[in-house]
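Dear colleague,

My notes on it follow.

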Amino acid sequence: MENSLGGRVAVVAGATRGIGLAVAYALSGAGASVVVNGRDARAVDAAVDEIVGGGGAAVGVVGPASEVAEEMVATALDRFGALDVAINCAGIAEPAGSSVLSITREQFEQQIDAHLMSAFALTQAAGRVMVEQGAGSIVLTGSAASYGMFGGSGYPAGKGGVTALTLAAAADLRPSGVRVNAVLPGARSRLSTGDDYVRHIEGLHERGILDDGLRDAALDPAPPEYVAPLYVFLASEAASGVTGQIFSAAGGFIGRYEPAQPSFIAYRDFKDSAPYSLAELANLLA
């Protein structure tokens, strides 16, 4: 990865802890100048100081990514004169024990804002600059939770929206030379540690939602440094032909989600057939 992004400029939303911090360090280690974003000013300053102290170039922008995405992009252009890479790692944990029956509307909206709206805001702000210059890479962060296997409601809904946004944005921006991909990471972070998290995972296992292997993997995730190289790869010219892809990465595992396609059940031409009856649908689907 060394110097694979030499001379490039990246913005990273949610870059002060966990995966986002590891990604910011990895980008800097690959030669990129980095705009670091987070909600906690002290954590932003600490990340910037660490990068600069290690010989890199960095500047911070404080605030929720959904609200300061344009400022992040403007800062990259003002301080470093370019914008080549935009990565969103922003996110918050769902309330402990939350379900679709217990989460409040306000809490649900907070989840959507932290995950989906942050991804949208950064994609739009960075995408406008990248389309104008005819090049750029956007990497968003989804989650396997969007497939319903880890419970919750607002968190998986927001992350599912990120996957859909990735595919739609990639199709929109492909003709302009801008790439959009997503990573669904598994790594140790504040969202995947602590007593509440352990109780949540054990509860899913007891309910039969997680098998033994998934439970054990969820309770012992690899450090985020194992995920960060995939983000750097997607940001680099080595991935110049990669767009509209949804990747999974956890420890030494890397996977790619195939495009969702319906499996065939039945067909008849509506022009000479009546709608399916309830009995017919029960016979086909029950």
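**Overall features**

The protein exposes about 14400 Å², and carbon and sulfur atoms supply 53% of that area; accessible areas come from the Shrake-Rupley method with a 1.4 Å probe, and for residues only the protein chains shown count as cover. This is a predicted model, in which local features need pLDDT of at least 70 and side-chain atom pairs count only at pLDDT 80 or more, while totals for chains, interfaces and linings use all residues. Residues are numbered from 1 along each chain as its sequence is written, and side-chain values use heavy atoms, with hydrogens and water left out.

There are 9 helices and 8 strands in the protein, taken as DSSP runs (helices: H or I, at least four residues; strands: E, at least two) and numbered from the N terminus. Of the 286 residues, 45% are buried (buried means under 20% relative accessible area, exposed over 50%, partly exposed in between; 1.4 Å probe, protein chains only). Among contacts (heavy atoms within 4.5 Å) with a separation of 6 or more, 70% are between residues 24 or more positions apart.

**Nonpolar cores**

A nonpolar core is a set of buried Ala, Val, Leu, Ile, Met, Phe, Trp, Tyr and Cys residues joined through side-chain atoms within 4.5 Å. The largest has 37 residues, of which Val23, Leu27, Val36, Ile87, Val183, Tyr231 and Leu234 touch the most other members. At least two residues each come from S1 (9-13), H1 (18-29), S2 (33-38), H2 (41-53), S4 (85-88), H8 (228-235) and S7 (246-250). H1 gives the largest share, 7 residues. Not counting residues up to four places away in sequence, Val23 touches Val12, Ile87, Cys89, Ala228 and Tyr231. Another core, of 30 residues, lies apart from it and has Val61, Val68, Ala169 and Val178 among its members.

Helix H8 is largely enclosed by the rest of the structure, because 6 of its 8 residues are buried. These are Ala228, Leu230, Tyr231, Val232, Leu234 and Ala235. Their cover includes H1, S4, S5, S6 (178-186) and S7.

Thr123 lies in helix H4 (residues 105-133) and is buried, with a relative accessible area of 6%. Leaving aside neighbours within four places in sequence, Thr123 is in contact with Ile138, Leu140, Leu165 and Ala169.

**Aromatic pair**

A search of the whole structure gives 1 aromatic pair. Rings of Phe, Tyr and Trp (its six-membered ring) pair if their centres lie within 6.5 Å; planes under 30 degrees apart count as stacked, over 60 as edge-to-face and the rest as tilted. The pair is Tyr147 with Tyr257, stacked at 5.3 Å centre to centre and 5° between the planes. Tyr147 is in the loop between S5 (136-141) and H5 (154-173) and Tyr257 is in S8, so the pair ties together parts 110 residues apart in sequence. Tyr257 is partly exposed, at 28% relative accessible area.

**Surface**

Ile265, Tyr276, Leu278, Leu281, Leu284 and Leu285 make a nonpolar surface patch of about 570 Å². Patches are made of residues with over 30% relative accessible area and no salt bridge, with like charges joined within 9 Å and nonpolar side chains (Val, Leu, Ile, Met, Phe, Trp, Tyr) within 5 Å; a salt bridge is a side-chain nitrogen of Lys or Arg within 4 Å of a carboxyl oxygen of Asp or Glu. Tyr276 is in the loop between S8 (253-257) and H9 (278-285) and is partly exposed at 32% relative accessibility.

Yours sincerely
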